[in-house]
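Subject: Structure for you to look at

Hello,

I am passing on a structure, with notes on what was found in it. Please read them with the model open.

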Amino acid sequence: MSSLIKVDPSKFGSLKGRTAVITGGSSGLGHATALLLHSLDANVVVADLSPPPASTTPSAILFVKTDATIYSDLLNLFRKAEARFGAWPDIVFANAGISERGDLFAGATDDDIEIEPKHEVLDLDIKAVANTVRIAYWGIKKSGKPGNIIMTASLAGYQGQPGLAMYNAAKHGVVGLLRGLRPTCLKDGVSVSLLAPAITSTPILSTQKDSFAEVSRQLTNAGVPLNQPIDVARAFVHILNQSPSRANGMGVLIQGGLYTDLEFNVAKSRKYWMGEEMAKLYTGGKGFNVFEKLMEEGPALGKPKL
């Protein structure tokens, strides 16, 4: 039995009346998603350091210059979107991200070991994502209307990639954020999901030597299954087309233009990766959330620092 999800663009419904905010929306996955959402009649707000290309971007798409690593910029983004379209955004794509350059660990030298490194990858790929989700969640909950928050993780959030330790860590963090939110967010009207693209032909592939188009060509010639940005955008809309309870917790892997729900697959195969004995122990106290109870009541000496 196939584990693949069928994503059928012909069944995408109208998103008229809904407002989408996309961080990292001027290129790559974000821009492709902005164009697809616009074609489905959504109000679209793109956030990035530079505007999207005018030649391919409809004038109805609002651009808000935003540094996603600055919390006040994110607040400004959502408030501008609300002011422009008259409602808090109910579709949010926490997508801004970068890859890493150089090896922070094996590449350390006698000189730079004395200096604490900058962690731009963590700042943008997990901290900014969490801040975007926090603001979006607060506004959706306050509005009283249901909404979708979808984050960009990566196959690297499930399968470690050599030479990308911090990127792997950040993307695993996005997966952890999803798993921490999904048990309780539906009661607040929020569905949280993620996209986990494998290698995709976007500017993130560019190197000092080669453009991302050239790197994409080399990968294709080597037989690497490569996504196009539209493949990821279609997965995004597929999630929007699901019921809130179905969309919540989805973790869609996109690889070579094919799709599967990794979170469903991981849960279904728990007895294999956790072991049957441990899986039985894990499910034994499923009805009692010890962490939630500790956070509400706290132990005798105060609430725990989890």
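Confidence. This is a predicted model. The chain has a mean pLDDT of 91, and 92% of its residues reach 70 or more. The stretch to treat with care is residues 301-306, where pLDDT stays under 50; the model has nine contacts beyond four places in sequence for these residues. Where pLDDT is low, the predicted coordinates should not be read in detail.

Largest pocket. Its volume is about 1000 Å³. The lining consists of 37 residues, and Gly97, Ile98, Tyr167, Thr202 and Ile204 are the closest to the centre of the pocket. By type, the lining residues are 20 nonpolar, 14 polar and three charged. Three elements supply at least two lining residues each: helix H1 (28-39), strand S2 (43-48) and helix H4 (165-181). H1 gives the most, with three residues.

Val175. Helix H4 also holds Val175. Is Val175 buried or exposed? Its relative accessible area is 2%, so Val175 counts as buried, the cut-off being under 20%. Beyond its neighbours within four places in sequence, Val175 is in contact with Ala153, Gly157, Tyr158, Leu194 and Glu263. The C-alpha atom of Val175 also lies 8.1 Å from that of Gly251, although the two residues are 76 residues apart along the chain.

Regards

Definitions and conventions. Residues are numbered from 1 along each chain as its sequence is written. This is a predicted model: local features need pLDDT of at least 70, side-chain atom pairs count only at pLDDT 80 or more; totals for chains, interfaces and linings use all residues. Side-chain values use heavy atoms; hydrogens and water are left out. On a 1 Å grid over the protein atoms alone, a cavity is a set of points where a 1.4 Å probe fits but cannot get out, and a pocket is an open set with protein on both sides within 12 Å along at least five of seven lines; lining residues have an atom within 4 Å of a point. Grid points are joined across faces, edges and corners, and a volume is the space filled by probe spheres set on the points. Helices (H or I, at least four residues) and strands (E, at least two) are DSSP runs, numbered from the N terminus. Ala, Val, Leu, Ile, Met, Phe, Trp, Tyr, Cys and Pro count as nonpolar, Asp, Glu, Lys and Arg as charged, and the others, Gly among them, as polar. pLDDT is the predictor's confidence in each residue, from 0 to 100. Contact means heavy atoms within 4.5 Å. Buried means under 20% relative accessible area, exposed over 50%, partly exposed in between (1.4 Å probe, protein chains only).
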